[in-house]
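Here is a short note for a colleague who has not looked at this entry before. The points below go from confidence to fold to contacts.

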Number of protein chains: 2
Amino acid sequence: MSNEFLVDGTSIAKLPSDYGSTGFKMFKGSVLNNVEIAYETWGELSINNDNAVLLFTGLSPSSHAASSDLNKSKGWWEYMIGPGKPIDTDKYFVVCVNSLGSCFGSTSPASINKETGSVYGLSFPELSIEDIAKAGHSVLLTLGVDHAHTVIGPSMGGMTALAYSLMYPNSLSNLIIISAAARALPFTISIRSLQRELIRSDPIWNNGIYEKNSAPINGMKLARKLGLMSYRAANEWRERFNRARSPKQNDRKMFDIEFEVENYLDHNAEKFVSMFDPNCYLYLSRAMDLFDVAEHGGTVNAGLAKIHTKNNLIIGVDSDILFPIDQQKEIADGMTKAGKNVKFEVLNSIQGHDSFLVDVKNFSRVIGDFFKN
Amino acid sequence: MSNEFLVDGTSIAKLPSDYGSTGFKMFKGSVLNNVEIAYETWGELSINNDNAVLLFTGLSPSSHAASSDLNKSKGWWEYMIGPGKPIDTDKYFVVCVNSLGSCFGSTSPASINKETGSVYGLSFPELSIEDIAKAGHSVLLTLGVDHAHTVIGPSMGGMTALAYSLMYPNSLSNLIIISAAARALPFTISIRSLQRELIRSDPIWNNGIYEKNSAPINGMKLARKLGLMSYRAANEWRERFNRARSPKQNDRKMFDIEFEVENYLDHNAEKFVSMFDPNCYLYLSRAMDLFDVAEHGGTVNAGLAKIHTKNNLIIGVDSDILFPIDQQKEIADGMTKAGKNVKFEVLNSIQGHDSFLVDVKNFSRVIGDFFKN
């Protein structure tokens, strides 16, 4: 099933059976067999094996971060990755992994459980951010990379990069965390909890048992609208839409779309629902709520003190309401207090949490500078 | 039907037939017959007829703003209204009206249309904030009050007070606007639009045709959760809940409530759904999206310039994400520019949009001072 979402040019790593034992042992204790992780690469691994950049994604993207010879369509971070770009693939070997639990080629709730012949659905074991980090680490190993030059990730990918640096402290040199958090705040949890409830309230969801061609798309669409609202910022929308009206349809009913902002949300949510599996969304979303750096040391600061990368870049955006700037400051302060070399960049981008996708100028500058120095 | 929601001690004003003509002519042109408005009063009207305070409410409360001899239960603004309180009922005659379109005794989509014998539902005409203001004005007239000392309102009630001061500029002396706006921003519209969609997505809603005892409570509950999230502020929840876990139930299923903040939202939304009619919610919510002071003068500032109250108090809270402080500043700046006497109070309450309900200290002070001077 997951292959139906798979994008062209993606490779699949069949993960080794947990370094000798059988199956992929998950953070919460379950064992998952036959784990496959989709990934894409750009550039070439150096002879010294010292130029790999491992990129973890946010909740919804695939591993297709940039175009390549195998897939010429634009990736979700096209401006960032490529020859001469801020993450320069003439110098670096970039690996982007599709998260374990996501539906773009990696093993997930939408995959067939080879032991039963049925789709996992809710029989998929509890997923943690740590599992996504471990799967990414395993992909590097299958590619012959035992040490990453840099691990980088935005949003959920930033949480995953944090988990990676806690679980494999000796297998990376540098860390870039973008618009992420050491653990979720109650406001953010409430947004994601309601999104999950919107999916689960769709009768078609049916406790996670549905066919791909009859998925609970209404619930997904409502959840995505709430997501879009939390990814952007009020002032950007004021500039962009203000109170512009949507062109009226002749058959317009009361409470139908009236304003352009409603039209924008509807259009974008509609695009998303055909691309993402609802059960995967539930698992990944909940993993973000549960992630907590404090589980790696007793407190957040004790956890952060265990990271021992050489150079660390922590980026936040002051219009972000989902991962507010205080949360990136918490990471930067905690690491600085523990004596790490940290650069904390507060960007005044107006696009909220999504800024890393669209504020090309600011993000190119701070990430480009980091890789140059 | 509306009487089922009616609280004890509420009076009902049968509005005169639009000052001579037949029926209540609405802002968008429809005519509504047999309009009744629920209200409560505190204190006594002075012989000089110069001490009436007209209070408009937010979207969800009834006219029961404070306890009285007729209804001793606490009102939604209990700390504000009463003998010796900031709005001192030893000095002022306070009238709180239940909004036209709301289900606590006033004519609304939940009322029986006396001409057909059926509940209005979606046959209720399009509702505007101006209609709520007009109904409030009519209630004052039926009480023998032709001039209000002060018109005051929080949230939707603030929008209604603005509409009142534009429609009846010579029938009030002072104006207090709390956590409101001259018109809604796209972010706020998107929240309310999604809330309405959540109600409409409940199959039980059935295009507005349902029995009171089988209302679309699931959709209402989801909508209310989103509302609660927009009424409060992230930092307050961080202090209050942080990542506290909800006591685990034995029969807890995957994706059930995990955190205390989820429990809080669930509990509060549950309480609300039995108290409010879904169709009324849709009409009032949409009226807030559509309200625009610019319709009273071409631009917002031209509209604000038409208000000619003597003293004006504009209050905003800097943690409010639903009606951000810029929007109260817009009102204060516009009125000041037009030469009005304006006091603009920015409060640092941490409870967001709901602060006027819970930040007793700050709100008592600024409103008490206004009435004293």
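What pLDDT does chain A average, and what share of the residues score at least 70?

1. Confidence. The model is predicted. Chain A averages a pLDDT of 94, and 95% of the residues score at least 70. For the complex, the predictor gives an ipTM of 0.93 and a pTM of 0.95. Where pLDDT is low, predicted coordinates should not be read in detail.

2. The sheet of chain B. In chain B, an open sheet is formed by eight strands, and its order is β1-β4-β8-β5-β11-β12-β13-β14. The pairing in this sheet is mixed. At the edges are β1 (11–14) and β14 (342–347) of chain B, each of which pairs on one side only. On average, neighbouring strands of the sheet are turned by 20° against each other, with direction ignored.

3. One strand pair in detail. Strands of a sheet pair through backbone hydrogen bonds, either parallel or antiparallel. In chain B, β4 (residues 36–42) and β8 (residues 93–97) pair in the antiparallel sense, over four bridges. Within β8(B), B:V94 is the bridge partner of B:W42.

4. A helix on the sheet. Which strands does helix α1 of chain B lie across? Helix α1 (residues 129–142) of chain B lies across β1, β4, β5 (52–55), β8 and β11 (148–154) of chain B. The helix runs at about 140° to β8(B).

5. The domains of chain A. Chain A is divided into domain 1, made of 2–184 + 292–372, and domain 2, covering 188–283. The C-alpha centres of domain 1 and domain 2 of chain A lie 26 Å apart. To their contact, domain 1 of chain A brings 23 residues and domain 2 of chain A brings 19 residues. On the side of domain 1 of chain A that touches domain 2 of chain A, 12 residues are nonpolar, nine are polar and two are charged.

6. The contact between the chains. How many residues does the contact take from chain B and from chain A? The contact takes 35 residues from chain B and 35 residues from chain A. On the side of chain B that touches chain A, the elements giving two or more residues are α3 (186–201), α4 (217–231), α5 (234–240), α6 (260–273) and α7 (278–290) of chain B. Of these, α3(B) gives the most, with 12 residues. By class, the side of chain B that touches chain A has 21 nonpolar, five polar and nine charged residues.

Notes. Residues are numbered from 1 along each chain as its sequence is written. Chains are lettered from A and ligands numbered from 1 in the order in which they are written. This is a predicted model: local features need pLDDT of at least 70, side-chain atom pairs count only at pLDDT 80 or more; totals for chains, interfaces and linings use all residues. Two strands pair if DSSP finds at least two bridges between them. Axes are lines fitted to C-alpha atoms, for helices over the stretch in contact, and angles run from 0 to 180 degrees between N-to-C directions. Two residues are in contact if their C-beta atoms, placed from the backbone, lie within 7 Å. Domain bounds come from an automatic or database domain assignment. Ala, Val, Leu, Ile, Met, Phe, Trp, Tyr, Cys and Pro count as nonpolar, Asp, Glu, Lys and Arg as charged, and the others, Gly among them, as polar. pLDDT is the predictor's confidence in each residue, from 0 to 100.
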